[in-house]
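Good morning, colleagues. Please bring up the sequence and the structure, and I shall then take you through the fold and a few of its residues.

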Amino acid sequence: VDSVCKTVSADVHPAIGVPTAFSPNGDGANDVLYVRGAAVKTVDFRVYNRFGEMVFETTNMDIGWDGTYKGKPQEMEAYAWTLEATFIDDSYVSQKGNVTLLR
């Protein structure tokens, strides 16, 4: 048996984003709103309803919002979000926007 080991370098460009809409209707497609990105070290993602009440928060990109608040499905409308993230190169980004919940 023979083997070869070789170091391979890769350029990973920091990036992060949030979709503009999702549809938590149980059809298995876009049921959960996730933050997605590359080379992300930390994340703080918050979603707010039209009254300014925070309905979701996570610091884990593997945990997304399912469109509920206090166990109740939320209304079909636009929700504001804020996102703060650091990347593996220690750069930082702060973003805000909105997402439409569709049923």
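Among the contacts in the chain with a separation of 6 or more, 52% are between residues 24 or more positions apart. Please keep in mind that this is a predicted model.

Let me turn to the elements behind those contacts. The chain has nine strands and zero helices, so that, by the DSSP runs on which these elements rest, the order from the N terminus reads β-β-β-β-β-β-β-β-β.

A word on overall dimensions. The radius of gyration of the chain is 17 Å, whereas a compact globule of 103 residues would have one near 13 Å. The C-alpha trace spans about 60 × 35 × 20 Å along its principal axes. Of the 103 residues, 31% count as buried. The chain exposes about 7,000 Å², and 51% of that area is supplied by carbon and sulfur atoms. As for charge, there are 9 positive and 14 negative side chains, with the centres of the two sets 5 Å apart.

I now come to the sheet. Five strands form an open sheet with mixed pairing, in the order S2-S9-S8-S4-S5. Its edge strands are S2, residues 21–22, and S5, residues 54–58, each of which pairs on one side only. Strand S9, residues 92–101, runs antiparallel to S8, and nine bridges join the two. Within this pairing, Trp 81 has Gly 97 in S9 as its bridge partner. S8 and S9 also form a hairpin with four residues between the strands, where Asp 90 takes a positive phi near 70°. By contrast, S2 and S9 pair in the parallel sense, over two bridges. Here Ala 21 stands opposite Thr 100 in S9.

Where does Glu 77 lie? Its place is in the loop between strand S7, residues 72–73, and strand S8, residues 78–87. Is Glu 77 buried or exposed? Glu 77 counts as buried because its relative accessibility is 19%, and the cut-off for buried is under 20%. Leaving aside residues up to four places away in sequence, Glu 77 touches Arg 50, Val 99, Thr 100 and Leu 101.

Arg 50 lies in the loop between strand S4, residues 40–48, and S5. Arg 50 has a relative accessible area of 61% and is therefore exposed, the threshold for that class being over 50%. The C-alpha atoms of Arg 50 and Ala 78 are separated by 7.7 Å, although the two residues are 28 residues apart along the chain.

Finally, let us consider Thr 82, which lies in strand S8. Which residues does Thr 82 touch, not counting those up to four places away in sequence? They are Asp 44, Phe 45, Arg 46, Tyr 48, Gln 95 and Lys 96. With a relative accessible area of 29%, Thr 82 is partly exposed, because that class covers values between the buried and exposed limits. Thr 82 and Met 54 are likewise 28 residues apart along the chain, and their C-alpha atoms are separated by 10 Å.

Thank you for your attention.

Definitions and conventions
Residues numbered from 1 in each chain as written. Predicted model: local features only at pLDDT ≥ 70, side-chain atom pairs only at ≥ 80, totals over all residues. Heavy atoms only, no water. Rg over C-alpha atoms; globule rule 2.2 N^0.38 Å. Buried < 20%, exposed > 50% of the residue type's maximum accessible area, 1.4 Å probe, protein only. Contact = heavy atoms within 4.5 Å. Areas by Shrake-Rupley, 256 points an atom, 1.4 Å probe, with all protein chains shown as cover. Lys, Arg positive; Asp, Glu negative; His and termini not counted. Charge placed at Lys NZ, Arg CZ, Asp CG, Glu CD. Pairing = 2+ DSSP bridges.
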